[in-house]
Amino acid sequence: MFSGGVLRSSQQLRGVPLFARQLSTSPRPLLARSYTTSGRPNQLRMGQTRGGGNGQKRPGNNSFLSRFDRINPLALVGAATILISGYMLIIKPYMEWRSELKHRAVERQQEEEKAQAGYTEEQVAKFPFGKKTVVFVLGGPGSGKGTNSSKLVDDFGFVHLSAGDLLRAEQKRPVSQYGELIAHYIREGLIVPHEITIGLLRNAMMDHPESDRFLIDGFPRNLVQAKAFEDSVCKAKKVLYFECPESTMLERLLDRGKTSGRSDDNIESIKKRFRTYVNDSKPVIDEYAKEGKVMTVSCKGSVDDVYKVTHKKMSDFLQALEKTSQQQDAK
Ligand SMILES: Nc1ncnc2c1ncn2[C@@H]1O[C@H](COP(=O)(O)OP(=O)(O)OP(=O)(O)O)[C@@H](O)[C@H]1O
Ligand SMILES: O=c1ccn([C@@H]2O[C@H](COP(=O)(O)O)[C@@H](O)[C@H]2O)c(=O)[nH]1
């Protein structure tokens with residue numbers, strides 16, 4: 001760092017920082033100051049040597065210790081200050097930054113390994129999906145699925161899995177290979193390929209082995225997804241459907257968009273989401289209705305009013321389910 005020009009006239013100063021050398025070789029101080037072993041300054045005039053005033057050098061003048069006679073202590077202090085400051089201001093923060101980067105890279109790698117590993121085929125095969133009570137929560141965008149699902153969690157001990165939330169979380173995961181794809185589908189109001197969504201839902205269910213009840217909110221979005229989920233995970237026991245006019249949904253979504261930060265709570269995306277709902281998602285509800293699985297709740301009224309109806313319907317369903325299971329156990 002201090003490799004400045006060689007000072008031929010003061011070879012003794014090799015190893016001393018340039019800053020110190022320049023100060024110590026400066027012609028400015030007419031009185032070079034040295035220090036005695038007692039610490040008192042010992043002032044000598046230029047050219048005067050310790051051996052007397054005759055200009056002859058003493059034999060020991062070139063000894064190691066005598067080299068320091070010519071070094072200005074202030075210069076040494078200055079050099080030391082520069083060294084310490086350089087270390088504190090540049091080298092130390094740089095080393096800390098490098099170590100932080102290394103730490104983050106290790107964390108990212110661990111996260112990626114964990115995400116890629118997911119669950120083994122054996123673990124998936126052993127998980128008792130068929131014994132779980134799965135209720136799909138369906139309805140148009142902004143019809144109140146999330147609002148009511150959160151309340152059902154508190155009252156009936158469901159685990160609430162929102163397909164949209166799982167996709168948004170996956171999109172944000174720094175090492176996700178699907179991040180950009182999901183962002184595009186969500187912004188365009190399109191349906192993400194079902195392999196991705198079903199994988200996320202299945203893993204999320206397996207993350208809660210202790211729970212017997214799952215609310216799956218905003219899924220399935222089309223008939224292909226519904227069939228794929230039934231084939232690879234399980235059948236839903238019931239569908240909770242929030243019926244809502246488009247004008248109400250639009251008003252609520254635009255209002256939510258003021259604070260939600262969602263990339264699809266804007267008028268262009270909302271229109272696309274409505275189109276997807278009518279063309280792809282509503283037929284799923286119609287299909288389940290044919291199987292007698294749908295409980296319909298109107299979204300009109302206050303949050304509390306709507307939830308009162310939702311609570312009653314869910315309570316009736318769970319009671320009926322309990323009764324059926326008791327009857328089966330009795331056989
Ligand atoms: N009964 C209600 N009255 C007034 N506002 C409501 C009512 N129910 C829900 N909201 C509000 O409407 C907005 C949409 O509700 P929510 O997020 O529950 O809908 P969602 O069906 O889950 O929507 P998305 O499918 O877009 O996720 C929210 O801001 C919520 O607070
Ligand atoms: O099964 C699903 C669920 C959701 N999506 C995409 O996510 C957005 C937002 O979903 P919300 O339920 O409103 O949170 C939806 O418009 C789809 O683009 C999906 O592809 N598949």
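Predicted model: local features only at pLDDT ≥ 70, side-chain atom pairs only at ≥ 80, totals over all residues.

Biologist: Fine. Which residues come nearest to ligand 2?

Modeller: There are 17 residues around ligand 2. From that set, the ones that come nearest are Arg-168, Leu-190, Val-192, Arg-221 and Arg-262.

Biologist: Which side chain has a polar atom 3.0 Å from an oxygen atom of ligand 2?

Modeller: Let's go through the polar contacts, where the cut-off is 3.5 Å between N or O atoms. Arg-273 has a side-chain N or O atom 3.4 Å from a ligand 2 oxygen, and for Arg-262 the distance is 3.1 Å. The 3.0 Å pair belongs to Arg-221.

Biologist: How much of the accessible area of ligand 2 does the protein cover?

Modeller: On its own, ligand 2 has 460 Å² of accessible area. The protein's share of cover is 95%.

Biologist: And which element gives the largest share of the shell?

Modeller: Two elements give two or more residues to the shell around ligand 2: helix H7 (179-187) and helix H6 (163-172). The largest share is four residues, and it comes from H6.

Biologist: Back to Arg-221. Is Ser-281, one of its contacts, buried or exposed?

Modeller: Ser-281 sits in helix H11 (residues 267-290), and a polar atom of its side chain lies 2.8 Å from the backbone oxygen of Arg-221. The relative accessibility of Ser-281 is 7%. Buried means under 20%, so Ser-281 counts as buried.

Technical notes:
Residues numbered from 1 in each chain as written. Chains lettered and ligands numbered in written order. Heavy atoms only, no water. Near = heavy atom within 4 Å. Polar contact = N/O pair within 3.5 Å; in protein donor to acceptor, adjacent residues only side chain to side chain. Areas by Shrake-Rupley, 256 points an atom, 1.4 Å probe, with all protein chains shown as cover. Buried < 20%, exposed > 50% of the residue type's maximum accessible area, 1.4 Å probe, protein only.
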